[in-house]
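This briefing is for a reader who has not seen this structure before.

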Amino acid sequence: MNLIFLDTETTGVEADKDRLCQVCYKVGKGEPRTEYFKPPVPMTVKSMSITHITDKILVDKLAFEGSQMKKDLEVLLKDGVLVAHNAKFDIAMLEAEGLKVSKFICTLRVARYLDKEGVIPEHNLQYLRYYLGLEIEGNAHDAEGDVNVLEALFERLFSKIKTTAGSEEKAIKEMIEISKTPSIFVKFSFGKHKDKKIEEVLAADRGYLEWFLRTKLQDDPDDEDWIYTLKYYLKV
């Protein structure tokens, strides 16, 4: 199966409103392919502050719609396996552009799955880069730089999965299955129960978990990882 390592930079973080402005991908051990695109909506100030991509930079770029890259990705994603960190977001942005993803590996969910004791404080891409000592060149929040880190992280996770899976093919299939299921958090990394295990909070302050679940369902229903986690511990 072709592995397609991909990262996107976007005008913002709302898939129903925002669009792609930079895409980088590489197939297997091939060379990365990176392009900027002029989106149909302006860059948000927040996005510019993170990516340093401005409307002025994009003013003379072609649209992603109708581009050769979109046509190529359409073919690749039909039979290949997308590899992305927090793949849910990249998939949503690709689908907003009319692309369909058939199979995917989310390195965020695989990293959380392997960290069964919640030892790693954070699981975002750049934190894992330095926590795991991945010696990779590339700027954060640049699609090509992030793809380089993504591939290195994938290789680290893949090697761990493969030791128990028994073969490369079985390891890939296991990573795909892990990626389909929302993550279960082990510890809180924020709030009044920061650094406490969720099972400990359940025993001492069940009401907090119940309140947190109600809040998530009402204000942030797309956060399926936390909602899944809270329902798991509360058995609802």
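The largest nonpolar core has 28 residues, and Ile-105, Phe-154 and Met-175 have the most contacts inside it. A nonpolar core here is a set of buried Ala, Val, Leu, Ile, Met, Phe, Trp, Tyr and Cys residues joined through side-chain atoms within 4.5 Å. Buried means under 20% relative accessible area, exposed means over 50%, and partly exposed is in between (1.4 Å probe, protein chains only). The model is predicted: local features need pLDDT of at least 70, side-chain atom pairs count only at pLDDT 80 or more, and totals for chains, interfaces and linings use all residues. Residues are numbered from 1 along each chain as its sequence is written, and side-chain values use heavy atoms, with hydrogens and water left out.

- A second, separate core of 20 residues includes Leu-6, Ile-91, Val-101 and Leu-108.
- Not counting residues up to four places away in sequence, Met-175 touches Ile-105, Val-110, Phe-154, Leu-157, Phe-158 and Ile-161 (contact means heavy atoms within 4.5 Å).

**Strands**

- E1 and E4 pair in the parallel sense over three bridges; two strands pair if DSSP finds at least two bridges between them.
- Strand E5 (residues 103-106) runs parallel to E4 and is joined to E4 by four bridges.
- Val-83 of E4 is the bridge partner of Phe-5, and Ile-105 in E5 is the bridge partner of Val-83.
- Val-81 and Val-83 point one way from E4, Leu-82 and Ala-84 point the other way, and all are buried.
- In a regular strand the side chains alternate between the two faces of the sheet.

**Helix H11**

- In helix H11 (residues 224-234), the buried residues are Asp-225, Trp-226, Ile-227, Thr-229, Leu-230, Tyr-233 and Leu-234.
- Helix H5 (107-114), helix H9 (198-204) and helix H10 (206-219) are among what covers these buried residues.

**Positive phi**

- Most residues other than glycine have a negative phi.
- His-52 has a phi near 65 degrees and sits in the loop between helix H1 (45-51) and helix H2 (55-58).
- His-52 is exposed, with a relative accessible area of 60%.
- Asn-86 has a phi near 60 degrees and lies in the loop between E4 and helix H4 (87-96).
- Asn-86 is partly exposed, with a relative accessible area of 35%.

How values were computed. Helices (H or I, at least four residues) and strands (E, at least two) are DSSP runs, numbered from the N terminus.
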